[in-house]
Amino acid sequence: MKTAKLTRMATIAAAFVLSACTVAAQAAPYVMYRDPNCGCCHKWAEHIRADMEAEVVMREDVPMPEVKAALGVPADLVSCHTMKVEGYVIEGHVPAAEVERLLREKPADVKGLAVARMPIGSPGMEMGGQTQPYQVIAFGDFGQRVYASYN
């Protein structure tokens, strides 16, 4: 009887600890590095906050070339801001839907996602009804591949 009760208590305690860890991991803020002179970064951060219900912490204390080099952002995919989330790098105006997909699928070979430059119509770069086609690129040791396309 005592063994069964101890086992049940241990199981409940383990479940509580695991759920607390899961909640803590989900509540971890997304860290976005940006140049203090860039205005579209705030709009993109609001897109992530609203669509993903995530806390985005902005840092402006590290020069952007250093951030991108340290995080391994390929030179041809560079944009204006860089975010670190759950071990992945998100470069530029990547739509929240693609960030959510990345975090759901967790591909082991992908280091990050990027939208190069600042395409009109991408999240944070809205200009009325104007849009231009762009691609979300996955990058990693394999090189680069198209993750999603937007028209």
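This tour moves from the whole chain to its nonpolar cores, one selection at a time.

**The whole chain.** Begin with the entire chain of this predicted model. The chain contains 4 helices and 7 strands, and from the N terminus on its elements follow the order α-β-α-β-α-β-β-α-β-β-β. Next, display the surface: the accessible surface of the chain comes to about 8,700 Å², and carbon and sulfur atoms account for 59% of that area. Buried residues make up 40% of the 151 residues.

**Contacts along the sequence.** Consider contacts between residues at least 6 apart in sequence; of these, 54% join residues at least 24 apart.

**The largest nonpolar core.** In soluble globular proteins, nonpolar side chains tend to be buried together. Select Y30, I48, M52, I90, L113 and V136: these residues have the most contacts inside the largest nonpolar core, which has 30 residues. Then colour the elements that each supply at least two residues of this core: the helices α2 (40-52) and α4 (96-105), together with the strands β1 (30-34), β3 (81-85), β4 (88-92), β5 (112-115), β6 (134-140) and β7 (143-150). Which element gives the largest share of this core? The helix α2 does, with 6 residues.

**Around M52.** Centre the view on M52. Leaving aside neighbours within four places in sequence, M52 is in contact with Y30, H47, A96, V99, E100 and L103.

**A separate core.** Finally, select M64, L71, L77 and I137. These residues are among the 11 that form another core, lying apart from the largest one.

Definitions and conventions. Residues numbered from 1 in each chain as written. Predicted model: local features only at pLDDT ≥ 70, side-chain atom pairs only at ≥ 80, totals over all residues. Heavy atoms only, no water. Core = buried A, V, L, I, M, F, W, Y, C linked by side-chain atoms within 4.5 Å. Buried < 20%, exposed > 50% of the residue type's maximum accessible area, 1.4 Å probe, protein only. Contact = heavy atoms within 4.5 Å. Areas by Shrake-Rupley, 256 points an atom, 1.4 Å probe, with all protein chains shown as cover.
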